[in-house]
Amino acid sequence: MEEPTHHHLRLILFPSPLQGHINPMLQLAHILHSNSFSITILHTKLNSPDPSHHPHFTFLSLDDGLSQTESSMEEDIIELTRLINVKCVDPLRACLRKLLDDQQVSGTGERIACLISDAALYATREVAESVKLRRIVLRTGGVSSFVIFKEIPMLLEKGYLPIQESRLDEPIPEIEGFRVRDLPAMKTASVERYYQLLTSMVEETKASSGLIWNSFEELEHSALDTLCQEFSLPIFLIGPFQKYSAASSDGVRTPDQSSIAWLDKQEPKSVIYVSFGSVAAIDANQFLEIATGLADSNHPFLWVVRPDLVRGLDSECHELLPDGYIEMLGGRGHIVKWAPQQEVLKHPAVGAFWTHNGWNSTLESICGGVPMICMPFFSDQVINARYVSHIWKIGVQLEGRVEREKIVEIIKRLMTGNEGEEIRKTMCQFKEKVQVCTSAGGSSHNALQNFISFIASSSPLDLERIT
Ligand code: UDX
């Protein structure tokens with residue numbers, strides 16, 4: 001076999017410290033490492049990954065400067081992300097300077113090729129420029145939501161944003177298939193700051209040297225076309241990342257393997273898998289409606305109930321379940337604190353995924369060929385849900401209040417009947433497309449090869465150009 005020419009190149013990766021962002025960045029790191037790059041992961045103290053899960057990488061902790069109160073602000077991820085962008089600037093600059101200085105004196109011949117930072121860490125642009133290091137951006141969400149984020153200034157100017165309750169069902173002529181209720185929204189200290197953060201993310205992404213997506217062309221070609229009209233930088237859709245490497249735990253939370261043993265005992269395509277990701281939270285009443293709706297659906301279900309799933313609860317979520325609930329199910333329901341989700345979605349017993357439509361969950365569902373019940377909570381989830389249910393037609397959306405009768409009905413709609421059948425067929429086609437695009441000669445596979453050449457062919461002279 002030909003010796004790879006880039007074995008002397010080191011890539012510095014900087015994920016945003018939220019679960020849905022750390023996972024894809026680490027997956028990308030594994031993909032690049034298996035293509036002979038050396039990897040350094042920079043991380044904040046908050047949610048730091050467990051290095052023992054990734055023995056081939058070098059981990060460097062940055063002093064994020066977040067106080068205890070600030071670090072525990074995961075309920076307001078916008079304010080948290082904004083703070084990280086403010087506070088990471090100096091420590092990141094010092095760290096990159098040191099790494100660049102060390103490479104000169106080390107004599108190993110190894111060269112730092114670039115920084116790959118999460119799009120949400122928009123402040124990395126000025127830092128990378130100040131130390132003359134190329135900056136590539138990983139956007140962990142979809143292209144489709146990004147092109148809507150790009151329109152935020154227009155949506156604000158035309159008065160669609162901030163969202164007004166009275167206009168929820170109004171169509172937006174500027175964005176085909178979208179209503180006001182499908183636009184990004186977020187509960188945060190200041191909604192203006194939220195839109196400002198998204199706009200900064202778009203602008204600073206546009207100013208990067210290259211852009212990687214955990215997505216694939218066959219899914220997002222129309223959004224990609226729109227993006228390419230305005231973004232004249234190299235763009236690489238190399239996802240879904242999970243297709244390149246076995247599911248690896250980031251070590252932030254431990255998946256409960258009893259999920260798989262329980263699934264093994266269920267009929268094919270019978271189980272509703274329910275998980276709302278790592279951040280979204282519900283209130284006690286919604287929890288009760290979900291528990292009752294699932295029980296009344298008569299389908300087996302696997303439900304992820306994170307300890308912080310129910311907002312403002314001092315006791316265990318289980319205590320909110322009706323008396324005798326578990327006994328009444330007689331083994332038909334299995335509740336865990338955290339599931340090995342990628343494995344679950346590949347399991348033959350799973351027939352539907354009731355999801356919040358975080359981008360990772362959405363992609364993982366497509367990889368597993370599992371149709372979705374969409375219940376988005378905020379931000380890009382709302383856009384992803386609209387795409388899944390109305391544009392890609394691989395799921396149905398549960399809108400409005402969460403009520404047990406509606407839950408029973410939507411499960412029935414998806415699991416039985418013609419609509420569900422059509423959705424399953426379309427989902428199967430997407431699953432096959434994933435297989436093709438990540439195999440030799442497929443779009444994502446080619447994009448990965450192009451990305452590797454792009455990095456490997458950059459000489460130190462290229463670095464001068466960004467100044
Ligand atoms: C966050 C944002 O909320 C979302 O809008 C954005 O698209 C990504 O980041 P998050 O709640 O983390 O979303 O959801 P998601 O993107 O779906 O990522 C969750 C990850 O956790 C997935 O990779 C999923 O496999 C994993 N997971 C979730 C588990 O491994 N086990 C579980 O029980 C639940």
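This report walks through the predicted model, from its confidence and domains to the ligand shell and a few backbone details.

## Model and confidence

The model is predicted: local features need pLDDT of at least 70, side-chain atom pairs count only at pLDDT 80 or more, and totals for chains, interfaces and linings use all residues. Residues are numbered from 1 along each chain as its sequence is written, and side-chain values use heavy atoms, with hydrogens and water left out.

The average pLDDT of the chain (the predictor's confidence in each residue, from 0 to 100) is 93, and 94% of the residues score at least 70. Please take care with residues 460-467, where pLDDT stays under 50. For that stretch the model has 13 contacts (heavy atoms within 4.5 Å) beyond four places in sequence.

## Two domains

The chain is divided into domain 1 (9-244 + 438-457) and domain 2 (258-434); these bounds come from an automatic or database domain assignment. Their C-alpha centres lie 27 Å apart. Where they meet, 35 residues of domain 1 are in contact with 26 residues of domain 2.

## Around the ligand

Ala339 places a backbone N or O atom 2.6 Å from a nitrogen atom of the ligand. Side chains contribute as well: a polar atom of His356 lies 2.9 Å from a ligand oxygen atom, and an N or O atom of Asn360 is 2.8 Å from an oxygen atom of the ligand. On its own the ligand has 660 Å² of accessible area (Shrake-Rupley method, 1.4 Å probe), and the protein covers 95% of this. Helices (H or I, at least four residues) and strands (E, at least two) are DSSP runs, numbered from the N terminus.

## The loop with Arg167

Arg167 is found in the loop between helix 7 (152-157) and helix 8 (191-206). Its side chain makes a polar contact of 2.9 Å with that of Glu170. Beyond neighbours within four places in sequence, Arg167 is in contact with Gly159, Tyr160 and Val180. The C-alpha atom of Arg167 is 35 Å from that of Gly369, 202 residues away along the chain.

Pro162 has its place in the loop between helix 7 and helix 8, and a cis peptide bond joins Leu161 to Pro162, with omega about -15°.

## Other backbone details

Most residues other than glycine have a negative phi, and most peptide bonds are trans. Another cis bond runs from Gly239 to Pro240, with omega near -10°; Pro240 lies in the loop between strand 7 (235-237) and helix 10 (258-264).

Lys132 has a positive phi, near 55°, and lies in the loop between helix 5 (124-130) and strand 5 (135-139).

Technical notes. A polar contact is a pair of N or O atoms within 3.5 Å; within protein, one must be able to donate a hydrogen and the other to accept it, and residues adjacent in sequence count only if both atoms are side-chain atoms.
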